[in-house]
Structure formats: structure tokens, C-alpha cells
Amino acid sequence: RDSKPAPDIKTGTLIGQRYTIGRRLTHSIGDASYMARQVALDRPVVIHVFGQLDSSDRDSERRFQAEVNALTRLRHDHVVSILDHGQLSGGSRYIVCEPPDGETLESALARGRIGLEDTIRVSLDICSALEESHRLGILHQNIKPSNIVITATSSGIRAKLKGFGFHNYRTAVNDAANVSVMSGRPETIKDASRDLHGLGTVMYQCLTGHSVHSVAHSTALER
């Protein structure tokens, strides 16, 4: 199927009659992220805009709407919440999320490992987030340091998980027979172990300062 890349939106553009676009955070073929401001409430938000799929791709449109419906029900202290969603005049879909309050774990790890106590706190927070998402039948499938936002508090580092869903909008990996997201009433959670494995690799990197993949690559080169 043909698709178009995520549009490049100019600073100051008003979308959905509700949000004023600010600086661009990320941009790739599949999606782009922007800081923005919700006009009515005068509060900051983050908007993720997706590439436009071929109009005949009804399955992906259905998956997008199903994921939106499921993820708007996911409310948890350790999850970055989805606040709104919509469609641009050109056809591209977008979602609106609460802004990050802190930095990504990836940024923190670029300065070195974070130590045992903070690793335990981050892990417990993310486990709590995954427990709730799996209860609702929602898999993350992309647990990594760049999808974890950490904030320093008086009791130590606390963490929130972002980046739920919407890769399914482009890659069509959701199977309504096995999951989960389509009805919001999961009977089984297929591949939930992938989320736990992802968390395990994050914990390893927090404690050692090195990613599992980089260690595996170095070991392979030494053989």
C-alpha cells in the first residue's frame, strides 16, 4: 500500500482549532512529534503526527481507532497519558499526550549508570505501569530507555512509561483473535513476555551503563 510521510508542520500552526504547534521534537518517515500548547487551557502538550496511509487501508484505520479507544482508558501514575486525538485536513492522524516532566532515561544513561536503588525504583514504577496496561489488554512492545521519562524527587528517581501503541497503525501486528486492544477485554495476553524482556534489558543498562545489544555485539567480535 502507498503511504505518505508524516507532514512537517510549521511553528505557530493551529491544528484541530485547539492546539498551537511549537518546536519539533522528533521527525521520521512514520511520525513526527511537536511541543504544542492547548489554547483553551493554556497548557503545554506533546502532539505526535503520523504518516498518512492509503485511503484504501481500512484495516490500519480501524486499528488506529481501536488503539486510541484502548489507550485513552489507560490512566496510571506511571504512564504518560493520551489526552486527545484527531485528523489533519490532509488526512494524517495525530494524538495529543501530556508533556514529559523530566528527562528520558536514555539521556540520563548517556551520562553513566544510575545505580541499584534508582534502578529498583524505575523498575517498580514500570512494572506497575505494565501490570495495569496488561490488565487492560494493552501491550507496549517497545520498552527502551528513550520511552521512559524519569523525574528526580526527594525520595529518588520516579519513572513514567511513554510510547504505547500506534506502531501497530503502520505495521499491522495486532491480531484481534489473540488480543486485547480491539475489545478492551483481554482473554489472553500474547507476547506480554516481550515487554518484560524489554524491561530486563533496561535494568541491565541501568546497572552496567551498557546496553545488552552493545555487549552482545562486542562479544561476537571477540570470538
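## Overall make-up

The model is predicted, and its protein chain holds six helices and 11 strands. Of the 223 residues in the protein chain, 44% are buried. The accessible surface of the protein chain amounts to about 12100 Å², and carbon and sulfur atoms contribute 50% of that area.

Most residues other than glycine have a negative phi. Against that background, Gln17 has a positive phi, near 60°, although this residue is not a glycine, and Gln141 likewise has a positive phi, of about 70°, while also being a residue other than glycine.

Gln17 sits in the loop that runs between strand S2 (14–15) and strand S3 (19–27), whereas Gln141 is placed in the loop between helix H3 (116–135) and strand S10 (148–153).

## Exposure of the two residues

Are these two glutamines, Gln17 and Gln141, buried or exposed? Gln17 has a relative accessible area of 68% and is therefore classed as exposed, the cut-off for that class being over 50%. Gln141 has a relative accessible area of 16%, so this residue counts as buried, since buried means under 20%.

Taken together, the positive phi of Gln17 belongs to an exposed loop residue, and the positive phi of Gln141 belongs to a buried loop residue.

Terms used: Residues numbered from 1 in each chain as written. Predicted model: local features only at pLDDT ≥ 70, side-chain atom pairs only at ≥ 80, totals over all residues. Heavy atoms only, no water. Helix = DSSP H or I, 4+ residues; strand = E, 2+ residues; numbered from the N terminus. Buried < 20%, exposed > 50% of the residue type's maximum accessible area, 1.4 Å probe, protein only. Areas by Shrake-Rupley, 256 points an atom, 1.4 Å probe, with all protein chains shown as cover.
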